[in-house]
Structure formats: structure tokens, C-alpha cells
Amino acid sequence: MQRLIQSPLDPAFVQNPYAFYAEVFTGDTIRYWQDYDMPAIFDAANVQAVLRNRRFGRALPADRIGPPRPHLAAFDAVEAVSMLDLEPPDHTRLRGLVLRAFTSRRIKALAPDIHDICDRLIADLPKGGCNLIPAFCTALPVRIIARLLGVPAERCGDLLRWSNAMVAMYQAGRTLEIEHAANAAASEFTAFLSDYIDIKRRAPQDDLISHLLLAEENGQKLTRQELIGTCILLLNAGHEATVHTMGNAVKALLEHQTPPQAFTDQNIAATVEEVLRFDPPLHMFTRYSYEDTEIGDHTIRSGQQVALMLGAAGRDPALCKDPDVFDPFRAPVPHAAFGGGLHFCVGAPLARLELQIGLQRLFAARPNLTLSSPPRFANAYHFHGLERLDVTT
């Protein structure tokens with residue numbers, strides 16, 4: 001397998017990983033990425049094939065499980081019950097219970113809340129201009145998650161702080177300081193949710209925590225730790241991805257001077273799907289191989305971790321014509337922004353709804369929105385999201 005070298009911390013790569021992906025597409029699309037010490041799959045067909053192949057999974061193979069990490073005890077306790085890192089039968093049971101509470105009806109019922117939060121945030125945008133990432137792109141999804149869970153809005157700051165600290169564990173260049181901060185956040189978040197679960201158990205309401213407490217399948221319910229882990233996952237995964245996608249979307253729409261027709265009720269869904277293909281929030285998602293498996297012309301060995309390059313897959317020349325061109329009016333193109341297979345993002349319908357309403361409300365209220373300085377991506381690969389999106393409002 002051909003080796004490649006590309007530091008995920010290189011500033012030029014962070015700002016534009018697509019130039020690197022384009023170079024890979026000139027040759028074999030399965031390479032050994034030396035910086036990550038694992039095979040990496042870049043083309044859409046093989047990324048989708050592995051996402052759906054039951055010989056690959058998220059759960060750590062038994063022979064790769066290391067000793068306990070005392071300084072990450074709280075963080076690891078949350079991860080141990082996360083759907084994201086479980087395989088059947090545990091994943092099947094947990095996901096089934098979650099979907100009994102996280103229904104399409106409940107997601108659609110959030111639409112008025114999303115409209116209301118969008119309009120309030122837009123009305124509060126500083127006159128003249130601002131960095132849109134904290135002012136709108138970050139504030140919207142954390143407030144929606146708080147309403148979904150039934151958590152008071154005044155705790156949004158804590159939710160955001162805990163989420164940011166924990167999600168930092170997955171980016172390149174992780175340090176001991178990041179690990180300690182993540183563990184502290186996991187401990188605080190767990191304690192808060194544990195107390196809040198007791199409140200909801202005594203006085204249930206029409207919120208996700210209350211419905212997760214009631215969810216039952218074949219006589220089984222979520223344990224307290226599973227309920228805590230699920231709530232943390234919904235915040236961390238759903239919030240982080242939506243923040244990045246909203247920022248990337250506004251950037252792409254402004255840079256390409258997108259016409260108003262892209263935001264109509266008939267076209268907004270396609271516009272969001274094009275953003276997810278063109279500049280997704282998560283560029284790498286890993287799997288473990290549970291047996292020797294042939295992918296393309298290569299063998300992925302049992303126990304080996306493999307990187308699925310979701311960001312590159314959306315720019316695969318075999319996927320669509322002119323993949324490096326942003327075109328919200330193109331025919332829908334399948335993408336991997338929400339993963340696939342057993343681990344397809346459970347929050348995808350909510351993310352799509354937030355993005356569609358958020359972009360419609362923002363561009364309707366601020367039709368003259370323009371970039372006031374070049375957008376800048378955060379040094380947080382394998383996430384791909386902006387730290388600055390300065391606009392004139």
C-alpha cells in the first residue's frame with residue numbers, strides 16, 4: 001500500500017484539506033497515512049462500502065483494549081455506554097430505545113422553536129458586523145439541544161463548555177491538558193445529568209430526557225449510565241457537527257454569491273445537501289477491521305484501524321461532475337456527512353431541519369450579508385469548522 005505523509009496540524013492543510021484530497025485522487029485512493037499510522041480510504045464507493053460492512057465496526061477489538069486510564073475515568077465511563085462506540089447486540093438495543101423517544105414527530109415539533117431561536121439570535125446580531133460563529137452558528141444548535149433535552153436555557157453556557165472540552169479529545173494534537181479538561185467536563189456533565197434525571201423522574205415533561213426514561217423495548221430500559229451517555233452524545237455529536245456545517249454553509253453561500261432561489265421552500269433541502277457534500281463538518285471517521293477484508297486492491301488486516309475520509313468522499317470525481325464546484329441546484333448527490341450503516345447519525349433529521357430553517361431565516365433577514373474578512377478554519381482536524389466567520393450584517 002502506497003504511503004502518504006501529511007500532518008493534520010499543517011496550517012495550509014487545515015485551511016484547505018481539499019487540495020490534498022485532490023492529489024490523492026490522481027492515484028490510488030486507498031493509502032497508508034503515515035501521520036495517523038493507519039490505512040485511509042478516500043473514494044466515495046469504498047468509504048460507503050466500509051460504512052456498511054459488518055466486518056468493520058467502532059468497538060475496540062478485545063486485544064487492543066488497554067489498561068484503565070485513571071486520569072480519564074469519568075470520560076471513559078461515558079464512552080463505554082456511547083452508541084457511537086458499540087456494536088450489536090448492545091448497539092441494537094440502545095439505538096432502538098433511543099429511537100423510541102427521538103421520533104420524527106418530536107423532531108418536527110421543534111420547528112417553531114427553531115424559528116423562534118433563529119429570529120431572536122438574528123435580531124441580536126451586532127449592528128454593522130460580527131463573527132457569526134459564536135453569534136449564530138454556535139448559539140442556535142446548543143439552544144435547540146437544551147430545549148430538546150428539557151434543560152433550562154441558562155445552562156447553555158455549561159453545556160457548550162462541557163461539549164467543547166470533551167469533543168477536543170478527537171482532534172489531532174491531543175495533549176495531556178486536553179485530556180484532563182475533557183475528564184473534568186465529563187465528570188461535571190455526568191453529575192448535572194444525574195441530578196436532572198432524578199428531577200425528570202419525579203416530574204416528567206414533554207422533553208427527551210423524560211421520554212428516554214419511559215422508553216422500553218422487550219422489558220428493557222436504559223440504565224442511568226446509558227441515559228447519561230446518550231444525552232451527552234446527542235449534545236456533543238449533534239451540536240459540534242451542526243455548528244461546523246452552519247458556518248461552512250454560510251461561507252460557501254456567500255463566497256459563491258448564491259441567488260435567493262436556493263433558499264426557497266422548494267430548494268432549501270437540496271441546498272443543505274450540497275453543503276454537506278461540498279464542505280462537511282467531519283472529515284475522518286474510523287473503523288476497526290474484525291477480520292482480514294479485501295477493500296479495493298488492498299487487504300485490511302484483522303484488528304487494524306482504518307480511516308474513512310468523509311470529507312474527501314464528497315469531492316470524489318466519480319461521485320459527480322465538477323465535484324469542487326459548489327452548486328446548490330445540482331441533482332442530489334449521495335454523501336457520507338452523516339456516516340452510514342449501523343452508525344448512521346441518529347440526529348441527522350434534526351440537523352437537517354436546523355440547517356434548513358437557520359439558513360432560510362438568516363438570509364431572509366439579512367439579504368445583504370457579506371464577508372468582511374477571509375474566513376478562518378480552526379486547527380481541530382479531523383473536524384472541519386470555522387473559528388472566524390466575520391460578516392457585515
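**Exercise 1. Find the handedness with which H13 passes H15, then describe the packing of the two helices.**

*Solution.* Start with the crossing: H13 passes H15 in a right-handed manner (left-handed if the near helix is turned anticlockwise from the far one by less than a right angle, right-handed if clockwise). Both labels are DSSP runs numbered from the N terminus (helices are H or I with at least four residues, strands are E with at least two). This is a predicted model, where local features need pLDDT of at least 70, side-chain atom pairs count only at pLDDT 80 or more, and totals for chains, interfaces and linings use all residues. Residues are numbered from 1 along each chain as its sequence is written, and side-chain values use heavy atoms, with hydrogens and water left out.

Next, the geometry. Helix H13 (residues 268-278) packs on helix H15 (residues 348-365) at about 110 degrees, and their axes are 10 Å apart (axes are lines fitted to C-alpha atoms, for helices over the stretch in contact; angles run from 0 to 180 degrees between N-to-C directions). H13 is therefore roughly perpendicular to H15 (65 to 115 degrees; under 35 is roughly parallel, over 145 roughly antiparallel, the rest oblique).

Finally, the contact (heavy atoms within 4.5 Å): H13 supplies Ile-268, Ala-269, Val-272 and Glu-273, while H15 supplies Arg-352, Leu-355, Gln-356, Leu-359 and Gln-360.

**Exercise 2. Work out the strand order of the open sheet and name its edge strands.**

*Solution.* The 3 strands run in the order E5-E13-E10, with antiparallel pairing (strands pair if DSSP finds at least two bridges between them). At the edges are E5 (129-131) and E10 (370-371), each pairing on one side only. E10 joins E13 (residues 390-392) over 2 bridges, and Thr-370 stands opposite Thr-392 in E13.
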